[in-house]
Each structure stands twice: as structure tokens, then as C-alpha cells.
Amino acid sequence: MKNCLIVDDSKVIRKVARHILETMEFNVSEAADGQEALDHCNDNTPDVILLDWNMPIMSGMDFLKAYRAAAASSAKVIFCTTENGIGHIQAAIAAGADEYVMKPFDRETLEAKLQIVGCI
Ligand SMILES: [Mg+2]
């Protein structure tokens, strides 16, 4: 079973994403902001991270930069965002994101992105 960490300050989004991922046989963990996600990654090694952009305490971008600077940061990262400007997407890729998906996403879209990054 592969491990997926969902990082989003919205409880509703985490619940929806968890449901989709569990039907795809992922072992799911959740974090409500970037700092919680970093703490989680200190003790766990997720295979893939679904990462929200806008969060209090620590944003998705700040998390991504800190995570990629760490030694064990092998997880695929899929940015989940409402920020669809090309500048935002380029910045996310430059910071180490593997893919991005626009909110709201459905099962088919998420499945396609997980295939692209090689997690299913
Ligand atoms: Mg958010």
C-alpha cells in the first residue's frame, strides 16, 4: 500500500481527497498546514503528497521549499490549487512540484495525475 499525505487547511477538501484515495487503496494521512506536514515527514516517508497552496501558518510553497531542501524528500508532490496562473504553476514546478491539479478536482483527474507521477 502506498502512503499519501494530504496537506490542506480545509477539512472538507481533506475528507473528499481521503475518500477518493482510499478507494484507490492508498494509506492516507492528513496535515492542516505546511508545518504540520513537515513534522509528519520527519517521522514518515509518504510516496506522494497532495499539497494545497494557500494555508495559514505555513503555505504550500514554503512547505515545498523546506521539504525539497531536506535529505529524505523523495515523495512525488502534486500541487492542488485554485491559483491557475502560468506564473504560479512555473513557480511550483521550479520549487520541486511534480504535477499540479486545479480545484475542485474529481476522481478521474486525480487518478490521471497520480499515473503521470508514477504512483499508481
Ligand atoms: Mg487552503
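**Helix faces and packing**

Me: How does Ala 66 count, given its C-beta neighbours inside 10 Å?
Reply: A residue is buried if 20 or more other C-beta atoms lie within 10 Å of its own, exposed if 12 or fewer, and partly exposed in between, with C-beta atoms placed from the backbone. Ala 66 has 16 C-beta neighbours inside 10 Å, so this residue counts as partly exposed.

Me: What pLDDT do side-chain atom pairs need in this predicted model?
Reply: Residues are numbered from 1 along each chain as its sequence is written. The model is predicted: totals for chains, interfaces and linings use all residues, local features need pLDDT of at least 70, and side-chain atom pairs count only at pLDDT 80 or more.

Me: Happy with that. What pattern does the protein follow along the sequence?
Reply: Helices (H or I, at least four residues) and strands (E, at least two) are DSSP runs, numbered from the N terminus. Read along the sequence, they give β-α-β-α-β-α-β-α-β-α.

Me: What radius of gyration does the protein have?
Reply: The radius is taken over C-alpha atoms, and the globule rule is 2.2 Å times the number of residues to the power 0.38. For 120 residues, a compact globule would come out near 14 Å, which agrees with the protein's 13 Å.

Me: Let's go back to the helix that holds Ala 66. Within what arc do the buried residues of helix 3 fall?
Reply: Ala 66 sits in helix 3, whose buried residues are Gly 60, Met 61, Phe 63, Leu 64 and Tyr 67. Down the helix axis, they line one face of helix 3, because their arc (taken over the directions from the axis to the C-beta atoms) is 155 degrees.

Me: Which strands are among the elements covering those buried residues of helix 3?
Reply: Two residues are in contact if their C-beta atoms, placed from the backbone, lie within 7 Å. The cover includes helix 2 (34-43), along with strand 1 (3-7), strand 3 (48-52) and strand 4 (76-81).

Me: How is helix 2 oriented to helix 3?
Reply: Axes are lines fitted to C-alpha atoms, for helices over the stretch in contact, and angles run from 0 to 180 degrees between N-to-C directions. Here the axes are 9 Å apart, at an angle of about 25 degrees. Under 35 degrees counts as roughly parallel, over 145 as roughly antiparallel, 65 to 115 as roughly perpendicular and the rest as oblique. Helix 2 and helix 3 are therefore roughly parallel.

Me: Which residues of helix 3 does helix 2 meet?
Reply: Helix 2 brings Gly 34, Ala 37, Leu 38 and Cys 41 to the meeting. Between Gly 34 and Ala 66, 32 residues apart in sequence, the C-alpha distance is 9.3 Å. The helix 3 partners are Gly 60, Asp 62, Phe 63, Ala 66 and Tyr 67.

Me: Which exposed residues does helix 5 carry on the face turned away from its buried side?
Reply: Leu 110, Lys 113 and Leu 114 are the buried residues of helix 5 (107-116). Their arc around the axis is only 100 degrees, which puts them on the same side of the helix. They pack against helix 1 (11-23), strand 3, strand 4 and strand 5 (99-102). The face turned away carries Glu 108 and Gln 115.

Me: One last one: is Ala 72 buried or exposed?
Reply: Ala 72 lies in the loop between helix 3 and strand 4. With 9 other C-beta atoms within 10 Å, Ala 72 is exposed.
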